[in-house]
Amino acid sequence: MKKVVPVVVLTGVLAWAGVAPHGPAAADAPARGEGAPWLWVYAPCNFQVDREADRVIDLIRRAGKAGYTAVVVTDTKFGRMSDRPKNYYDNLRRTAKAAEEAGVEIIPVTTSFGYSNDILQNDPNLAEGIAVRDAPFVARGGKAVPADDANLLPAGDFEAFKGDAPAGWDYVDGPGKSSFADEEIKHGGRRALRFEDFKAGNEGGNARAIKKVAVKPWRQYHISLWLRTRDVEPAGDLKVAVLTADGRELNYAFLGAQATQDWTQHHVVFNSQGNDSITLSIGLWGGRRGAFWLDDIDLRPAGGVNLLRREGCPVRVTTEDGTVEYAEGKDYKRWEDPLMGRAPWPGGYDVYHAEPPIVLSEGTRIHDGDRLNVSYYHTQTIYDGAVACCLTDDDVFKYFEDTVRHLNEYFHPKKFFLSHDELRLANQCELCRDRKLTAGELLADNAHRCVKVLHAVAPDAEVIDWNDMFDPYHNAVDKYYLVNGTLAKSWEGLDKSVIVANWNAGKAAESLRFFAGRGHRQVIAGYYDTDNVKAEVGRWSDASRGVEGVRGFMYTTWRNDYKDLEKYAEEVRRH
């Protein structure tokens, strides 16, 4: 049985022992112990680097002096802990000892099911995949490659203009005001499209070229574009949006453009899913300053980029009419993408690389010039290379259990932190779809299974998870990124003993009350690298007023920025 911490009704946020809820902070250290409010700090670390372990140990000591009760430690290497060098395990032991001496609890973060690159170090094929169905390939010189390789965006060369408006595009922001034909600076041919003085052509500073393009459903496509920039701000909002008729996006990967760069080729890969047309918007959103140039944009069918090979992600090769299915190992060699999930290291995925051809075997029934239908599954990167793992595959849980066992061995934690956050690709592979569950039901089942595996290793440990994927006021909604089906009812996967780490600042009051109504204790994951600690704590304090079971706060930084650690603790005590 899990040890249950008494529920506390907080006025504001934290009712520290001996401190009036809205009075000044006590001069002495806050109360600790079983019923004391929680104050945690989130601490990412690479424990394979000694100086990184030293940094976290120093943070633990500092946090202990400031009254923090726990440090939440996370490391991408937790996803594969069985073959690390000796100093890695030594650093885990040193960290555990430092926490014990400081009177601070260690809470380790386990496998992430949204940012799954850590567990995918073990087997990149465990990524979730999207189907490609009956894509036309052709046999050429002992290989089969995509048959339809024509550029679907011929106007992307920006050779033809009417004044400053490029021909062949449906819409361009600000021709002659913020967008111009440029014959001096171009990548290829005679002209490029230049954007500058962004707000002159669009009040919001948008600087985009937009085109609707016919595509085939359930096909993989590759966009290549050349981009030159000069002092662009914000460079991070230079992107390619691939939109469906109902407004869903099919691409979320960052371009990675720099504020100033010479001509650089960028890539986008997307799956059309069930759509026969998409709208491309290429350029900058909310531009404030600078200039950039676009040229030589191609859109073509792709074949096998980040191809997955596992149960639930089959490969099927047939004749063009589908009457004959060719045999892998007999008519063609095992089809694999050698760079999938290994760019530049195991668990690393890039947007695009050389497309792996299907290599024909000796004695194949496939002849040169034969057209084929090829079906397969591929994964897709989100933002900066994030990839989600399959929610169903048994091997995922095997590696999850391995992580839990190692963390239990080195930290002996009272609490484990699950990580079902920002899961942006789910319920697409056959293994998941064949279960006939909604995405929410699938996620609920996964969460139940994770807790069961964890408690088989550490029966008395408490479990924490992020709120967002189980929160109807956050990400547990319809049409979420590349998730197939609704995420509603995912919250039914959380037993009320699970502690919710709530970071839904946008709808804090509604979210806190939702989980409180389901019987969960909660810790507020605040801070998030804010410049105004007082306002941040105050907003959450107001939102949590009168909500049962809100046990405390976590100083949550993604930048390893702990300059406000003491200030945050002091501000929390004031509330």
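Arg133 is found in strand β4, residues 130-140, where strands (E, at least two residues) and helices (H or I, at least four) are DSSP runs numbered from the N terminus. At a relative accessibility of 35%, Arg133 counts as partly exposed; the classes are buried under 20% relative accessible area, exposed over 50% and partly exposed in between, with a 1.4 Å probe and protein chains only. Leaving out residues up to four places away in sequence, Arg133 touches Trp218, Arg219, Val374, Ser375 and Arg433, a contact being heavy atoms within 4.5 Å. Tyr252 is 119 residues from Arg133 along the chain, and their C-alpha atoms are separated by 22 Å.

This is a predicted model, in which local features need pLDDT of at least 70 and side-chain atom pairs count only at pLDDT 80 or more, while totals for chains, interfaces and linings use all residues. Residues are numbered from 1 along each chain as its sequence is written, and side-chain values use heavy atoms, with hydrogens and water left out. The mean pLDDT of the protein is 94, and 94% of its residues reach 70 or more; pLDDT is the predictor's confidence in each residue, from 0 to 100. Over residues 1-29, however, the pLDDT is below 50, and this stretch has 77 contacts in the model beyond near neighbours in sequence.

The protein as a whole holds nine helices and 27 strands. Its radius of gyration is 26 Å, close to the 25 Å that the globule rule gives for 575 residues, so the protein is as compact as a globular protein of that length. That radius is taken over C-alpha atoms, and the globule rule is 2.2 Å times the number of residues to the power 0.38. Along the principal axes, the C-alpha trace spans about 80 × 60 × 45 Å. Of the 575 residues, 57% are buried. Among contacts between residues at least 6 apart in sequence, 79% join residues at least 24 apart.

Setting aside neighbours within four places in sequence, Thr229 is in contact with Leu238, Gln258, Ala259, Thr260, Gln261, Ala291, Phe292 and Trp293. Trp263, 34 residues from Thr229 in sequence, is 7.9 Å from it in space, C-alpha to C-alpha.

The peptide bond from Glu233 to Pro234 is cis, with omega near 0°. Pro234 is found in the loop between β12 and β13, the latter covering residues 238-243. A cis peptide bond also joins Ala343 and Pro344, with omega about 0°. Here the proline, Pro344, is in the loop between β18 (325-326) and β19 (358-359).

Strand β19 is also the place of Val359, which counts as partly exposed at 32% relative accessibility. Not counting residues up to four places away in sequence, Val359 touches Gly142, Tyr332 and Lys333. Ala516 is 157 residues from Val359 in sequence and 57 Å from it in space, C-alpha to C-alpha.

Backbone phi angles draw attention to two further residues. Asp296 has a phi near 50°, a positive value in a residue other than glycine. This aspartate lies in strand β16, residues 289-301, and is partly exposed, with a relative accessible area of 21%. Lys436, also not a glycine, has a positive phi of about 60°. Lys436 lies in the loop between α5 (430-433) and α6 (439-457) and is exposed, with a relative accessible area of 69%.

The account ends with the largest pocket. Rolling a probe the size of a water molecule over the atoms shows where empty space is left. On a 1 Å grid over the protein atoms alone, a pocket is an open set of points where a 1.4 Å probe fits, with protein on both sides within 12 Å along at least five of seven lines, and lining residues have an atom within 4 Å of a point. The largest pocket has a volume of about 840 Å³, the volume being the space filled by probe spheres set on the points, which are joined across faces, edges and corners. Of the 29 residues that line this pocket, the closest to its centre are Thr74, Asp75, Thr76, Tyr115 and Asp118. The elements that give two or more residues to the lining are β1 (38-44) and β3 (105-112), and β3 provides the largest share, four residues.
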